[in-house]
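Please look over the following entry before reading the briefing below.

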Amino acid sequence: MKIKILQEIIKKKASKTEFAILTNLNNGDTGIFEKDKKLSKNFENYRVHIENFFKSKKNGVIENTEIFVETYIRPTKVIIVGAVHIAQYLVDFARSLNFEILIIDPRGYFATEQRFPNLKIINKWPDEAFEEIETNENTALIALTHDPKIDDPAIKHALNKNFFYIGALGSKKTHENRCIRLRQTGFNEKQINSIHGPIGIKLGGKSAPEIALSIIAQLVEVTYKK
Amino acid sequence: MKNSFDEKILEEANDWINSNQKVVLATVIQTWGSSPRQVGSRMIVNEKGDFSGSVSGGCVESAVVRECLGLIKDNKPFKKIEFKVSNESAWEVGLACGGEIAVYLEQVK
């Protein structure tokens with residue numbers, strides 16, 4: 001690898017630009033891939049494969065070639081609606097699992113710096129909050145208030161933006177009612193069925209950290225199925 | 001999920017180079033079976049044999065250092081090496097986990 005390329009890589013890392021390092025294991029050639037940017041001609045033939053690695057956030061050797069791809073992809077963004085007790089444990093799990101987290105809760109007495117130190121908290125209603133957050137199909141939503149006034153607008157936004165994971169806290173009954181409301185506002189069955197409700201995998205626990213664990217376990221599972 | 005942005009091994013390689021050291025990057029490029037570090041894991045080695053980072057759980061690092069020193073000595077730009085569970089004749093080291101890994105070595109020039 002040339003020093004020049006090493007320095008370019010370090011620069012891209014510092015600016016959190018998403019990219020991939022490409023290495024030809026046969027001749028030692030190195031290059032950098034960036035989405036929608038021109039690729040040096042030594043690697044251009046492999047563009048489709050490189051883009052697939054990039055999309056699935058994978059590192060490895062492209063099959064039947066000698067091209068090694070190492071991707072640098074930003075962590076998945078997880079938006080938690082409801083600065084409730086479960087959220088406090090979720091934040092700890094999500095941090096050690098390298099998710100990027102932020103919390104939305106219009107209720108000021110829940111979403112305090114003291115309850116959630118060093119975390120981005122948006123003290124607004126979801127509709128307003130989402131105006132200042134960039135979201136896409138690489139974003140996850142965890143709705144925890146089980147208050148339709150707060151959860152529903154967030155879930156609608158997540159459905160419209162094709163979030164890869166949408167989970168909503170609440171009993172089977174609460175979730176059934178939620179589905180009815182979403183149906184009435186025009187969401188189709190496929191969209192509604194994509195919501196994980198009741199949220200989490202079945203661990204059997206009832207305490208706040210146990211529920212947080214079941215939610216984060218489901219999120220990790222879905223992340224790798226993506 | 002691994003966050004490659006937070007790993008600082010390439011930055012460290014750059015610091016070493018800036019202080020006039022020769023640096024070889026060793027990167028895990030393939031794994032088979034169970035192996036402790038995932039593809040993309042990296043260590044760096046200088047001409048004195050100092051190293052940072054890892055490519056396994058301590059099983060093959062010493063052999064990687066030896067190979068990197070050889071690369072610098074012979075002034076070769078790159079090399080691919082493989083470690084298997086019991087490859088006594090070639091490496092005298094193996095992966096106790098029962099896995100296999102391929103490591104790509106390259107000099108930064």
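What distance separates the centres of domain 1 of chain A and domain 2 of chain A, taken over C-alpha atoms? In this predicted model, the two centres lie 34 Å apart, and the domain assignment places residues 3-72 of chain A in domain 1 and residues 77-225 in domain 2.

**Nonpolar cores**

- The largest nonpolar core contains 42 residues, and the members that touch the most others are Ile80(A), Leu90(A) and Leu141(A).
- At least two residues of this core come from each of several elements of chain A, including β5 (77-81), α4 (85-96), β8 (139-143), α6 (148-160) and α9 (208-225).
- Leaving aside residues up to four places away in sequence, Leu141(A) has among its contacts Ile79(A), Val81(A), Ala154(A), Ile155(A) and Phe163(A).

- Five strands of chain B make up an open sheet with antiparallel pairing, in the order β3-β2-β1-β5-β4.
- Because β3 (51-53) and β4 (78-83) of chain B each have a single partner strand, these edge strands are left with one side that has no neighbour in the sheet.
- On average, and with direction ignored, neighbouring strands of this sheet are turned by 20° against each other.
- Nine bridges join β1 (23-32) and β5 (100-108) of chain B in the antiparallel sense, and Gln30(B) has Ala102(B) as its bridge partner in β5(B).
- Helix α2 (61-73) of chain B packs on the sheet, where it touches β1, β2 (42-46), β3, β4 and β5 of chain B, and its direction makes about 35° with that of β5(B).

How values were computed:
Residues numbered from 1 in each chain as written. Chains lettered and ligands numbered in written order. Predicted model: local features only at pLDDT ≥ 70, side-chain atom pairs only at ≥ 80, totals over all residues. Core = buried A, V, L, I, M, F, W, Y, C linked by C-beta atoms within 7 Å. Buried ≥ 20, exposed ≤ 12 C-beta atoms within 10 Å, placed from the backbone. Helix = DSSP H or I, 4+ residues; strand = E, 2+ residues; numbered from the N terminus. Contact = placed C-beta atoms within 7 Å. Domains from an automatic or database assignment. Pairing = 2+ DSSP bridges. Axes fitted to C-alpha atoms, helices over the stretch in contact; angles between N-to-C directions.
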